Amino acid sequence: MIQKTYDYIIIGGGIIGTSTAWQLQKRRPDRKILIIEKEEQFARHQTGHNSGVIHAGVYYQPGSLKARFCKRGVVETINFCRQQEIPYDRCGKLLVATDAGELERMHALYGRCRENGIVSELLDKEQLAEREPAVTGSGAIFVPETGIVDYKKVCTAMAHCFQELGDDVALGIRVRDIRENEQCVNLVTSCGSYSTKYLISCAGLMADRLVRLHGIEVDFQIIPFRGEYYRLPPHRNGLIRHLIYPIPDPYFPFLGVHLTRMIDGSITVGPNAVLGWKREGYGRFNLDLRDTGEMMVSTGFWKVLIAHFCSGLREMENSVWKRGYLKLVQKYCPQLVLHDLLPHPAGIRAQAVLSDGTLVQDFLFAESPRSLHVCHAPSPAATSAIPIGDYICDRIQEKHHDALL
Ligand SMILES: Cc1cc2nc3c(=O)[nH]c(=O)nc-3n(C[C@H](O)[C@H](O)[C@H](O)COP(=O)(O)OP(=O)(O)OC[C@H]3O[C@@H](n4cnc5c(N)ncnc54)[C@H](O)[C@@H]3O)c2cc1C
């Protein structure tokens, strides 16, 4: 069988893969580049199942990659949307404290906004009520830069920009094996074999499998965390003017159940964070024996389970008991009732966990002489996709000065 050869192959047609491919193509129009994606369309996994928020970068450790990428990402995502005529809305966000403990944490978070250079304003109870009559709280942080967009559209537009520059996309093809030698990296796929001088893997929920297939030693495993949503009925679409977030638990990497205005005019409630038993299974009772088996034999998984046992149980309880889920939102939006919570598709987060049980909070990369694997691209990676792609291009250029090609 004929082996197709490329200068660069990018695995993954999510927003990180397409952003990287497009930017690499802009920098090196003379190179042959291919995106391989196992689904028939782009953005079928995390990129197409998220809250659609263009995050301003409130929460992140100052100086971390997350903080740096997000700050640039918000500006570059909006510029890209303007150029491509993709609808977006800079509606702003409110982080609402509902009790004394949350109020204390809210002040700490406000300090972090300032450290990260995020435009923000503290609101007292009355100011909050004035801004959002349907929301109740003891105080809030107002972040005007936060926006909303459909990331599926952003990702597909990036893929089109890439293709317009003349390069190849192979949809519906799964990478099954990766072998590297001194001259190239060979890929065995569900549809023939490919060879590339350099490989970039952006495989999201499958990131650990791809890096291990390649034979690179790493100390992490992907644990899938389902993010379950509800949607409010259409007559509630005017309920809020901003996005409404709770004050997050600092020991947990997720942001808590929020009210999100979507770009199509609807409002979603969620997501929560419950353990998933199938990495790419969006139904509530999906189970995959390989995915579950791999978790069961991972020491990191058990350590996470023990460390977060109580909060994990609470999340599971609220996942099956709708009234419990509702209470999380009623804390700051008391007028919502049970029949306001309509079904909405879930998303699944690829959470990297180290063997010592650490839930990785920042971006994580692994490299070999001829490859770079994006091992962990957590939220707000959709917001940050353009700076991440740019960073990957810089890293390849710094490492090799393109001497390999
Ligand atoms: C519930 C939820 C809410 C979120 N909310 C936000 C938000 O509001 N704002 C924000 O900025 N971020 C948010 N995020 C995070 C953001 O969506 C992700 O970080 C981002 O989409 C990751 O993009 P990716 O390209 O790395 O992964 P993905 O979009 O998952 O893409 C990976 C791709 O790799 C492909 N692939 C895997 N294995 C193979 C193989 N063997 N061969 C070929 N192809 C393969 C997959 O099919 C997939 O298409 C959220 C995430 C979730 C799950």
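In what order do the three strands of the open sheet stand, and is their pairing parallel or antiparallel? Keep that in mind as you open the viewer, and remember along the way that this is a predicted model.

**Stop 1: a three-stranded sheet**

Select β3, β8 and β4. The order across this open sheet is β3-β8-β4, and the strands pair in the antiparallel sense. Now look at the two edges: β3 (53-54) and β4 (88-89) sit there, each pairing on one side only. Next, keep β3 and β8 (residues 147-149) on screen; two bridges link this antiparallel pair. To see where the strands face each other, show Ile 54, which stands opposite Gly 147 in β8.

**Stop 2: the ligand and its shell**

Select the ligand and the residues around it. There are 38 of them, and those that come nearest are Glu 37, Thr 47, Val 53, Ala 377 and Thr 383.

Zoom in on the oxygen atoms of the ligand. Start with Glu 37: one of its polar side-chain atoms lies 2.6 Å from a ligand oxygen. Move on to Lys 38, where an N or O atom of the side chain is 3.0 Å from an oxygen atom of the ligand. Then pick Ala 377, but show its backbone this time: a backbone N or O atom there lies 2.7 Å from a ligand oxygen.

How much of the ligand's accessible area does the protein cover? On its own the ligand has 1,000 Å² of accessible area, and the protein covers 97% of that. To see which elements take part, colour α1 (15-27), β2 (33-37) and β18 (342-354), the elements that each give two or more residues to the shell. If you colour the shell by class instead, you will find 19 nonpolar, 14 polar and five charged residues.

**Stop 3**

**Stop 3**

Turn on a surface or pocket display. Rolling a probe the size of a water molecule over the atoms shows where empty space is left. The second largest pocket holds about 530 Å³ of space. Its lining is made of 23 residues, and Asp 249, Gly 256, Val 257, Glu 315 and Leu 328 lie nearest the centre.

Which helix gives the most to this lining? Highlight α3 (100-115) and α9 (309-320), each of which supplies at least two lining residues. The top contributor is α9, with four residues. By class, the lining has twelve nonpolar, five polar and six charged residues.

**Stop 4: a hairpin and a cis bond**

Select β15 (residues 258-261) and β16 (residues 267-270), two antiparallel strands joined by four bridges. Show Arg 261 and you can find its bridge partner in β16, Ile 267. Five residues lie between the strands of this hairpin, and Gly 265 has a positive phi near 95 degrees.

The peptide bond joining Gly 270 and Pro 271 is cis, with omega about 0 degrees.

**Stop 5: another cis bond**

For the last stop, select the loop between β20 (371-376) and α11 (385-400), and pick out Pro 380. The peptide bond from Ser 379 to Pro 380 is cis, with omega near 15 degrees. Before you leave, bring the ligand back into view and find Ala 377 and Thr 383, which are among the residues that come nearest to the ligand.

Technical notes. Residues numbered from 1 in each chain as written. Predicted model: local features only at pLDDT ≥ 70, side-chain atom pairs only at ≥ 80, totals over all residues. Heavy atoms only, no water. 1 Å grid on protein atoms, 1.4 Å probe; cavity = no way out; pocket = protein on both sides within 12 Å on 5 of 7 lines; lining within 4 Å. Points joined across faces, edges and corners; volume = space filled by probe spheres on them. Nonpolar A, V, L, I, M, F, W, Y, C, P; charged D, E, K, R; others polar. Near = heavy atom within 4 Å. Polar contact = N/O pair within 3.5 Å; in protein donor to acceptor, adjacent residues only side chain to side chain. Areas by Shrake-Rupley, 256 points an atom, 1.4 Å probe, with all protein chains shown as cover. Pairing = 2+ DSSP bridges.
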